Amino acid sequence: MTMRKPSFTTVMLIVGLLFLYLPMVVLVIYSFNASRLVTVWAGFSTRWYLELFRDQQILSAVWTSLRIAFFSASMAVCLGTLAAFVMVRFARFRGKTALSSMVTAPLVMPEVITGLSLLLLFVHMAQTIGWPADRGMVTIWIAHTTFCSAYVAVVVASRLRELDLSIEEAAMDLGSRPVRTFFHITLPMIAPAVAAGWLLAFTLSLDDLVIASFVSGPGATTLPMVVFSSVRLGVSPKINALATLIILAVSLATFITWYLMRRSEAKRRQAMLQDITAGR
């Protein structure tokens, strides 16, 4: 029996996966390196994980980045969902093209320009109205919300365009007000897109370096800023340990989200089958 040769698509898939994930595997392996040199293997050791948890600067930066990312993603979901609803549901109104262009502009705007413009805005506001007195977590939160809202709007808008309007119209025909219809009918149907937008905004905020460098102050240093400054002086094995923990956390969060969504979808299908069986 001759073995079947793998197809070109399968080979390209394997090559693509290796290209994406092989560097991460090497990074995880070298996070257990006993040597101070990140490129020289000197035996298995967990010393750099212990050193990482003793580094108060990195731990403080992690906590700061997580808080900023959480609040930025939450606000971006609110603003992005509202913008997507206006762009999709309101077919014609004056300024729709301008609104759509302004909402999606941060997607193509270079981060250097965005960061510089926000810095000039905050400086001008401080000179005019006295706020913000200094740049810190609040200014980073506003800056991250600004560009994360565009990504959320695009994700949610693509889901809104696929919805069947007859369900919402039926609810309003039965006496439901538009606000109640949105929260009880529309929002549950677009919940996966909203969750995906939140996760995307959280990741973008956690990963941002350029914009945060412009709008941050001495009292607020994010994790990418700490990592970048330490890498410029030489890569420390603690960075490998930190990256491994981040990969582990992201993998667990992704698996839990996939499992919950799969279970929810299974329950929904089971409920539909029960309704069909009861109708018969």
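Analyst: **A salt bridge and its surroundings**

Let's start with a pair: the side chains of Glu51 and Arg54 meet in a salt bridge, 3.5 Å from N to O. The term means a side-chain nitrogen of Lys or Arg within 4 Å of a carboxyl oxygen of Asp or Glu. Side chains of opposite charge can pair when their charged atoms come close. The structure holds five salt bridges.

A quick word on the ground rules. This is a predicted model, where local features need pLDDT of at least 70 and side-chain atom pairs count only at pLDDT 80 or more, while totals for chains, interfaces and linings use all residues. Residues are numbered from 1 along each chain as its sequence is written, and side-chain values use heavy atoms, leaving out hydrogens and water.

Back to our pair. Glu51 and Arg54 both sit in helix 2, three residues apart, about one turn of the helix. (A helix here is a DSSP run of H or I with at least four residues, numbered from the N terminus.)

Now for the neighbour. Helix 2 (residues 47–54) packs against helix 3 (residues 56–89) at about 70 degrees, with axes 5 Å apart. Axes are lines fitted to C-alpha atoms over the stretch in contact, and angles run from 0 to 180 degrees between N-to-C directions. The two helices are therefore roughly perpendicular; that label covers 65 to 115 degrees, with under 35 roughly parallel, over 145 roughly antiparallel and the rest oblique.

Who touches whom? Leu52, Phe53 and Arg54 from helix 2 meet Gln56, Ile58 and Leu59 from helix 3, where contact means heavy atoms within 4.5 Å. By class, that's four nonpolar residues, one polar and one charged. Ala, Val, Leu, Ile, Met, Phe, Trp, Tyr, Cys and Pro count as nonpolar, Asp, Glu, Lys and Arg as charged, and the others, Gly among them, as polar.

Phe53 turns up again in a nonpolar surface patch of about 910 Å², along with Phe255, Trp258 and Tyr259, among others. Patch residues have over 30% relative accessible area (Shrake-Rupley, 1.4 Å probe) and no salt bridge, with nonpolar side chains joined within 5 Å and like charges within 9 Å. Helix 12 (residues 237–279) gives the most to the patch, eight residues, and Phe255 lies in helix 12.

Ile58 has another partner too: Gln57, Ile58, Ala61, Val62 and Ser65 in helix 3 meet Leu223, Pro224 and Val226 in helix 11. That contact has six nonpolar, two polar and no charged residues.
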